[in-house]
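Student: I'm new to this one and would like to learn how to read it. Could you take me through it feature by feature?

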Amino acid sequence: MSKKIAVVPGDGIGPEVIREGMRILERINDESKLGLEFVHFGWNADEYLKTGISMPPGAMDDIRNNYAAVYLGAFGDPRVPDMKHAADILLGMRFQLDLYVNYRPVRLLNDRLCPLRDKHRQHVDFVIFRENTEGAYVGMGGNFKKGTPDEIAVQEDVSTRKGVERIIRYAFEYAKKTGRKSVCMSDKNNVMRFGGDLWLRTFEEVAKEYPGIEHFHMFVDALTMQMVRAPEMFSVIVTNNMFGDIVTDLGAALQGGLGMAASGNINPGKVSLFEPIHGSAPKYTGKDVANPIGAILTAAMMLEYLGHDAEATRIENAVIAAIDAGETTHDLGGALGTKAAGEAVLRRL
Ligand code: IPM
Ligand code: MN
């Protein structure tokens, strides 16, 4: 496998948090002689506004053929209200690199960070697998009589047998490999009858191949309630693209906020993309206040994907130690800026 990593800081606070993640990655790369080669790409709103190009021609093939992973910050800029560049780059990579697994762990690293009363580290430790290439994100639909009082808008929600089966199977395989006890599939099949029927039938069929793993279904409205009321009931959750988008923000809040959460957009065995869950947060840009931990844990997740488990654990432990010492940004109750919070982790590696 190639050892090249594409680094795409993006917009807003993206560059600030990726800078902290990179300091850690570069240190580990040197010390553990991982031989990773980091190549920086400046694709972002500034570039797009200047050139009209979100990603240069050939770039997607270059990433596909020559890179092991992409380490990405965040996309979104108020000067690009339709998010065209973000759609081309982030959603473009999800679709064109077929990154069908969106892996979003929900793990509380310190009791102090949990917004729920009487919930501790042992209660908040599960993984959400979000289908990442279908659903409402395919952008199929259209308008009729646009701009008139009779306007109609149709937005399709697409599920394929192949797409549903591969994410459900991935969730069960993950549960088996990591010793997780159950897989919960969540959707809204009491209303979305056709797609829901496909999801439920596929879930039941795949579950039969994993007799050692409990499986249950939960409507997504009930899921949001139970994630808050009793997060300990979950071990692995698998859901569609849109529901996964929504419930993973809730999952981030359970861990201490959006600044804490990491994610992987994975095509197993192929080039995959790793990004913190948070957005570009324009109002915090350049103020040295953004929490770098989501980006740092994302770097750890990327190393794990590349087979460097020990190095990933080393980063996680340093993050936990920095949080335990209260050396964090304000969102976690600390007094540090982005750079100093990154240093607090770096020092504990
Ligand atoms: C996420 C984000 C993206 C999504 C946006 C930026 C398109 O919210 O990665 O969760 O909706 O998938
Ligand atoms: Mn989201």
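**Reading the rings, the ligand and a few loops**

Tutor: Let's begin with aromatic rings: Tyr103, Phe129, Tyr170 and Tyr174 are joined into a cluster by ring pairs. Keep in mind that we're looking at a predicted model.

Student: How many aromatic pairs turn up in a search of the whole structure?

Tutor: Eleven aromatic pairs come out of that search. To describe a pair of aromatic rings, you give the distance of the centres and the angle of the planes. Take phenylalanine 41 and tyrosine 67: their centres are 6.0 Å apart, with 65° between the planes, and the pair is edge-to-face.

Student: Where in the chain do phenylalanine 41 and tyrosine 67 sit?

Tutor: Phenylalanine 41 belongs to the loop between β2 (37–40) and α2 (45–51), while tyrosine 67 is in the loop between α3 (59–66) and β3 (69–74). They are 26 residues apart, so this pair links distant parts of the chain.

Student: Is phenylalanine 41 buried or exposed? And what about tyrosine 67, buried or exposed?

Tutor: Phenylalanine 41 has a relative accessible area of 17%, so it is buried. Tyrosine 67 is buried as well, because its relative accessible area is 6%. The cut-off for buried is under 20%.

Student: Why is the pair of phenylalanine 216 and phenylalanine 234 called stacked?

Tutor: Look at the angle: the planes are at 25° and the ring centres 6.4 Å apart, so phenylalanine 216 and phenylalanine 234 are a stacked pair. Here, too, distant parts of the chain are linked: phenylalanine 216 is in strand β9 (residues 214–219), and phenylalanine 234 is in the loop between α7 (220–229) and β10 (236–239), 18 residues apart. Phenylalanine 216 counts as partly exposed because its relative accessibility is 23%, whereas phenylalanine 234 counts as buried at 3%.

Student: On to the ligand. Which residues surround ligand 1?

Tutor: The residues around ligand 1 are Arg94, Arg104, Arg130, Tyr137, Asp245 and Glu275. Sorted by class, that shell holds five charged residues, one nonpolar and no polar ones. Both domain 1 (1–107 + 257–349) and domain 2 (115–254) supply at least three residues to the shell.

Student: Which side chains have a polar atom beside an oxygen atom of ligand 1, and at what distances?

Tutor: For arginine 104, a polar side-chain atom lies 2.9 Å from an oxygen atom of ligand 1. With arginine 130, the distance from a side-chain N or O atom to a ligand oxygen is 2.8 Å, and with tyrosine 137 it is 2.6 Å. As for cover, ligand 1 has 320 Å² of accessible area on its own, and the protein covers 74% of that.

Student: What does the side chain of asparagine 110 contact?

Tutor: The side chain of asparagine 110 makes a polar contact with the side chain of aspartate 324, at 2.8 Å. A polar atom of the asparagine 110 side chain also lies 2.9 Å from the backbone nitrogen of arginine 112. Asparagine 110 is in the loop between β4 (101–107) and β5 (125–131), and it counts as buried because its relative accessibility is 12%.

Student: Which residues of helix α4 are buried?

Tutor: In helix α4 (residues 84–96), the buried residues are His85, Ala86, Ile89, Leu90, Gly92, Met93 and Arg94. After α4 comes aspartate 98, with a positive phi near 55°. Aspartate 82 is in the loop between β3 and α4, and at 58% relative accessibility it counts as exposed.

Methods
Residues numbered from 1 in each chain as written. Chains lettered and ligands numbered in written order. Predicted model: local features only at pLDDT ≥ 70, side-chain atom pairs only at ≥ 80, totals over all residues. Heavy atoms only, no water. Near = heavy atom within 4 Å. Polar contact = N/O pair within 3.5 Å; in protein donor to acceptor, adjacent residues only side chain to side chain. Areas by Shrake-Rupley, 256 points an atom, 1.4 Å probe, with all protein chains shown as cover. Nonpolar A, V, L, I, M, F, W, Y, C, P; charged D, E, K, R; others polar. Domains from an automatic or database assignment. Phe/Tyr/Trp six-rings, centres within 6.5 Å; stacked < 30°, edge-to-face > 60°. Helix = DSSP H or I, 4+ residues; strand = E, 2+ residues; numbered from the N terminus. Buried < 20%, exposed > 50% of the residue type's maximum accessible area, 1.4 Å probe, protein only.
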